[in-house]
Amino acid sequence: MATTACFIIVSRNDIPIYEAEVGSATKREDAAQMHQFILHAALDLVQDLAWTTSAMYLKAIDRFNDMVVSVYVTAGHILCICDFKCYRDKKTGENGE
Amino acid sequence: MDPAKTPLGKMLLEEITPVVMVLRTPLVEESCLKNSLSFIEMLTPFCNFHNIDVPVRTSSDQPYRLQKFNLRLFYESDIKQPNLEVAKERLKQVITEAGERDSSELCTDLPDISNVLASSKSEISPFWFEFFNKELVRTVSFSEHEAFDHPVACLLVVSSKDEQPINKFVDLFNTNKLPSLLNDGEMDPKILKHYVLVHDNQDGPSEKYGCLHFLVMATKILAEMKNTFGSNGCDLLCINSSQVEQIEHQDNPWAPYIKDLIQELTSKHIIPYMEQKVRVLNQQVSATRKGFRNQIKNLWWRKGKEDIPDSSNGPMYTYSSIESQIRVLGDYAFMLGDYELALSNYRLISTDYKIDKAWKRYAGVQEMMGLTYFMLDQSRKEAEYCMENAFNTYLKLGSSGQQNATRCGLWWIEMLKTRDQYKEAATVYFRICSEELLHSAVMLEQASYCYLLSQPPMLHKYGFHLVLSGDRYKKCDQIKHAIRTYRSAVSVYKGTPWSYIKDHVHFHIGQWYGFLGMYDVAVTHMLEVLACSHQSKTTQELFLRDFLQIVQKAGKTFEVLSLQLPVINISSLKVFFEDHRTYASPGSTSVRESVWRSLEEDMVPSLPSTRTNWLELQSNLLPKRYKELNICVAGEAIKIAIDFKNPLEIPISISSVSLICELSAISDETKYGAYYFNADVDASCSTAGLCNDEECNNLREIIADTSSFSFSEVNISLGGGETNLVQLTVTPKVEGILKIVGIRWKLSGSVIGFFSFGSNTVKKQVATGRRKVKHSPGNDLKFIVIKSLPKLEGSIRALPEKAYAGHLQHLVLELKNQSEFSVKNLKMKTSHPRFLNIGNQEDLNVEFPACLEKKTNVTAHANPKKISHGVFLFPEDFSVQGENPLFWPLWFRAAVPGNISLQVVIYYEMGDLSSDMRYRTLRMHYNLQVLPSLDVSFKISPCPSRLQEFLVRMDVVNKTNSESIQVNQLSTIGSQWEISLLQPIDTIFPSESLIAGQAFSCFFMLKSCRKSSSTEENTSSLSPRIGSSVSLVPDGSKEAPFDISSSPLADFHDCERLQHRISDQEAENTVDFILISRPLKSNIEPGISDAYHVFSHHACHCRQECANFTASTSPISWVVHGPQTRHHDFSTSYCEINLRMTIYNSSNALASIDIKTLGTTSIGDPSSDATAATSGNQVGWHDVSLSNDVKIAPDALRTHVRKSLSSESVSPFIWSGSSSTRVQLKPLSSTEIPLQICVFSPGTYDLSNYVLNWNLQPVNGHKNVGDRIQSSGTISGYPNYLTVLPSD
């Protein structure tokens, strides 16, 4: 089971202030930009949703293919957004539909 | 809003309409092609009725009028599912054409996102999307699972030229030519037939007669047709009736005929036919399916069919099956606008198909239900649910349902768009992206526009989907489309701090522009990604390589304002220039200005404002503003140092780095100045990009004008992540105002970058080298260039960087003046006179170190140096001019170990009084490391037996690492001291030199030979340095002692004394030593010194440590002389012993001294013990170094002896003779008093039980004596042991 995830903290003006890529999957060359694109695009939804709910953790707010984006919104509207992807190696492919 | 008027409504009214199958003979087509039209093309324009106004009655009894109606005409060969590949090819062509058409836009400026948002909906998405979507919908027409594409009627067309037209009509409707739909039993083959005879008027002979004849023939055929097929279903259509020659036509000459034909066909045949069919089918359906009983029956019957094996399409339904009939009923009702009826039938059939697992049909029905709900404008939720259901069901079918899903999705999207649910529409677009790249590229692009149109606009998603779409376009080689989408994306991502996104977008669009050969635009985008320090090394290489390739292909040199490679750190900007302050070396500028100021304080003429006052001449001419400007001198370089940083991991090469400067004459500066200040403001808001704006032209102009100054060019190469300090100079040649505008450089030999200081300094502080920013920083880069002036250049030759402490060296100061004008009134000051002493002119050519040696004829200084406040004034006739350098001797001595920053300032005035500056200063700075060498310490203790003589112990430790040092000579300073060795040197110091780490002690006898003189005291610091010296070199050496009384040793010694200045009172009775040593030549470390070296070590104000009986506390000192042991035969008599006491008065006053001998009883008296304890005698006992050496401290163990004595010595002794003696002593004189004791028994006696009372009587003219020294006091005797032994 390989995973890939990217965690970015975004300040109020959509400026990324921290960026970390984690996960066990072998890193693709364009992984960094792909994550940035996905997370950047998710900001639209966060901005809509953050003001309509009192919850700070917005789970699975957006998805792109099999990447799921979740957001933690702080009181100061700093966003900690994270996308996560789990995929099985084709060889093993055990538990799953 | 009327659903029929929405885009989707219009689309449905156009697309879901009755199909008319057209069967024609080749001759018909031939006739039509004369007009370059096919038969269908000829008829189609007349098939759209906006206001047909036909009454329709379907299931209900109430008729309604149908207004809008369309017919779709197809040849029989086209009534089949289109070939997917062909359809794809056609779509691709559509896209390519659209791309070509749009290509003109690619060169225009980037759209601004705010403009995009402001533009109307129709402007946002390209026009061809609609067309594309329509084409896409049509790829799935004529499916067997839905009935609205099934032909409602059949138009049989035969030309009048055809032979046996009636037979032709029959032949046309021949089953083997008919589409499979009819043949396979999918639809009822018994459809409405309409027969048309086409008559071409141009056929036949050209004469009118013949023409008429043929027309008659056609009419005849028509009559025959009417007989055969019935009178209603036959028509005659005459075409090409106008003559060939006839040019002018009516607007639509044949329209009325065709229009009438079609209208009649529609209103009189097709619509009634459909009405009729709807009614019939409705009755059938009602009979079999409606009602509770039928439903139960149906359910039961369906269940029974469950054993039928599942196929993807479910069971086969023929046209006669009730399911097909319901579907046909629904579709006809829909086409006739009876949506209620359609919906009820769709609902009915939907459950059936679901139970039968006929998924495709089920999806098709669901789709129609959704559309019907929409047309009814009720239950939006239901409509959407149906559409989604249909969409998902189609998708579940896999590839066979893909096209249908697309169509369904497009309709669904239109439905959502109608309701302004753009966000949802966008997700649907995303979902209909198929495997096929081109298709999904278009869909993603449409999705992005939906995000843009949603409220509020979702720009992040807009950009993302544009990028996704662009990537797919690129993969399909649709570069122009790819660029178009990325261009829009750039407008979203412009200036984003999301670095990877920005890099991706700009890099790719740049690359694609490069493919298209639009290199200028390509370079603009590529420039954005150059500073990609966050990327991996390979990516950086890729970016840079592609960038350079494009630049190379462009074949010209680009000029770029604010090129990002390398990064220029404006805060590192340092400006070095010389006004009246000049610098000997670059290092001099690193010293703080305050240090220089304090040095120059005494030399520079004091002026109210040092900065502008020497500009008095111009101050009237110049506007006030210029007073704030810096001054520089024509012909003298201004240096700029700035950091160039390579942000990448790969090396880059920078060439031709130079300054951009501008020099204007003072008179026109006023107007220029205003212009430039404006330019600065402009520059600050200009953005990165190619150099094509006004400012850049401006810069180019400035660069071109280089006649009035010269500047340096530097080439550097920066490794990965490296920062280089680049030093640039500009030398103005003429007077005026010089402004340093910026820097230019060439990246990899192909791109010229500009960096304007003005534009950036507005935000950032400029740190000038030597000056705090007090005013606007722009002014710091502006200089008033004044007329060329003399400038002294100075250097100190051979000043060592490293030296051992005490190192003495002869140096030469070299001064040069390149200009033709002379300078005068030179002054000089050093920051550390201990280290650097200014010599006499005649010292210039002396031989060192021979000059240090004592000369036979010692003369007074012929030319005493002019030094006031440490400022050395050069002789007045001393001027420097022209090529010949002038020299002045300097003496250097490394005074103390450590790191020393040595500053020398030379002040000079201009010989030419008319020049703008009256004086300048030359600042020299040297850094010096002084290593420890010999550590010398002196200890002085009084000689126990002699007055005014002292024992001096000198401890020397060699603290160098490797050097061997020979100790040469020890001298005392001042005439009142004489020093001599206690023992010959070769006995105590045979090895002659000290190796590293070795310590050495040596004893000397120091004799005070001060003569009475009151003047000496006051001038002790400047007393003639006639000292006495001891050579420490063994006799074999013939070296003459060094002369410590002449320069430079004496000068340095004065400095040392000043350094350790103490009060005059304390200075009295102290002694200064100078130790001269030389490193052994064989052992000299390379780099530190050369052959002739002399170290001098100065110890000032040494004093004796035990202050018990010398003049330091009391002016009276004495010594008791007498035997120490005596043999006496006590059997005969008691023993008489004579003693002599020598008393010395070291004060300048007359002293009267009273000596009292005490009785024996006082011995062991606790009070005397206490006095002894408090008298200060004990201080010396605890000195550790002394206690080690019993030899020179004979009284060290006194306490023990004394204690033992006090208990043991029972046999007393008595002082014989007078018990009190009074003497008068003149100043600085001594006298001797005889004393006698009588001892009665053998033993050891302490002869200390006497007291001296002294009293000073001031001599004439010395009233202040009492103030300085105690005027009277009592001293008890010091221990003096006498052992008397019985003689045998």
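Predicted model: local features only at pLDDT ≥ 70, side-chain atom pairs only at ≥ 80, totals over all residues.

Which residues in α15(B) meet which residues in α17(B)?

Author: Helix α15 of chain B covers residues 359-376, and helix α17 of chain B covers residues 399-418. From α15(B), the residues in the contact are B:K360, B:E367, B:G370, B:L371 and B:F374. They meet B:S400, B:N404, B:R407, B:C408, B:W411, B:M415 and B:T418 in α17(B).

The two helices pack at an angle of about 15 degrees, with their axes 11 Å apart. Because angles under 35 degrees count as roughly parallel, α15(B) is roughly parallel to α17(B). The crossing in which α15(B) passes α17(B) is left-handed. Sorted by class, the contact of α15(B) with α17(B) comprises five nonpolar, four polar and three charged residues.

Helix α15(B) also has a contact with helix α13 of chain B, which spans residues 322-335. The axes of α13(B) and α15(B) come within 12 Å and cross at roughly 30 degrees. That angle makes α13(B) roughly parallel to α15(B). Here too the crossing is described as left-handed, with α13(B) passing α15(B). On the side of α13(B), the contact is made by B:R327, B:D331 and B:F334. On the side of α15(B), the contributors are B:G364, B:V365, B:M368, B:L371, B:T372 and B:M375. By class, this contact of α13(B) with α15(B) has five nonpolar, two polar and two charged residues.

Two individual residues of chain B may be considered next. B:T17 is placed in the loop between α1 (7-15) and β1 (19-24) of chain B. With a relative accessible area of 4%, B:T17 is buried. Leaving aside residues up to four places away in sequence, B:T17 touches B:N70, B:R72, B:F148 and B:M335. B:H810, in turn, lies in strand β25 of chain B, which runs over residues 807-817. Its relative accessibility is 15%, so B:H810 counts as buried. Again not counting residues up to four places away in sequence, B:H810 touches B:D843, B:L844, B:V846, B:F848, B:P889, B:L890 and B:W891.

Charged pairs provide a further set of links. Over all chains, the structure holds 31 salt bridges. One of these joins B:E600 to B:R923, with the closest N and O atoms 2.6 Å apart. B:E600 belongs to helix α25 (residues 593-600) of chain B and B:R923 to strand β32 (residues 919-931) of chain B, so the pair ties together parts that are 323 residues apart in sequence. B:E600 counts as buried at 6% relative accessibility, and B:R923 is buried with a relative accessible area of 0%.

A salt bridge also connects B:E1056 with B:R893, where the closest N and O atoms are 3.0 Å apart. B:E1056 is found in helix α32 (residues 1049-1059) of chain B and B:R893 in strand β30 (residues 886-893) of chain B, so this pair ties together parts that are 163 residues apart in sequence. B:E1056 is buried, at a relative accessible area of 3%, and B:R893 is buried at 3%.

The salt bridge between B:D935 and B:K959 has its closest N and O atoms 3.5 Å apart. B:D935 sits in strand β33 (residues 934-942) of chain B, while B:K959 sits in the loop between β34 (949-958) and β35 (965-972) of chain B; the pair links distant parts of the chain, 24 residues apart. B:D935 counts as partly exposed at 38% relative accessibility, and B:K959 is partly exposed with a relative accessible area of 45%. Elsewhere, salt bridges that share partners join B:R581, B:E593, B:R597, B:E600 and B:R923 into one network.

Chain A may be summarised for context. Its secondary structure comes to one helix and five strands, and from the N terminus on the elements run β-β-α-β-β-β. Of the 97 residues in chain A, buried residues make up 44%. Among contacts in chain A with a separation of 6 or more, residues 24 or more positions apart account for 42%.

Notes. Residues numbered from 1 in each chain as written. Chains lettered and ligands numbered in written order. Heavy atoms only, no water. Axes fitted to C-alpha atoms, helices over the stretch in contact; angles between N-to-C directions. Helix = DSSP H or I, 4+ residues; strand = E, 2+ residues; numbered from the N terminus. Parallel < 35°, antiparallel > 145°, perpendicular 65-115°, else oblique. Left-handed = near helix turned anticlockwise from the far one by under 90°. Contact = heavy atoms within 4.5 Å. Nonpolar A, V, L, I, M, F, W, Y, C, P; charged D, E, K, R; others polar. Buried < 20%, exposed > 50% of the residue type's maximum accessible area, 1.4 Å probe, protein only. Salt bridge = Lys/Arg side-chain N within 4 Å of Asp/Glu carboxyl O.
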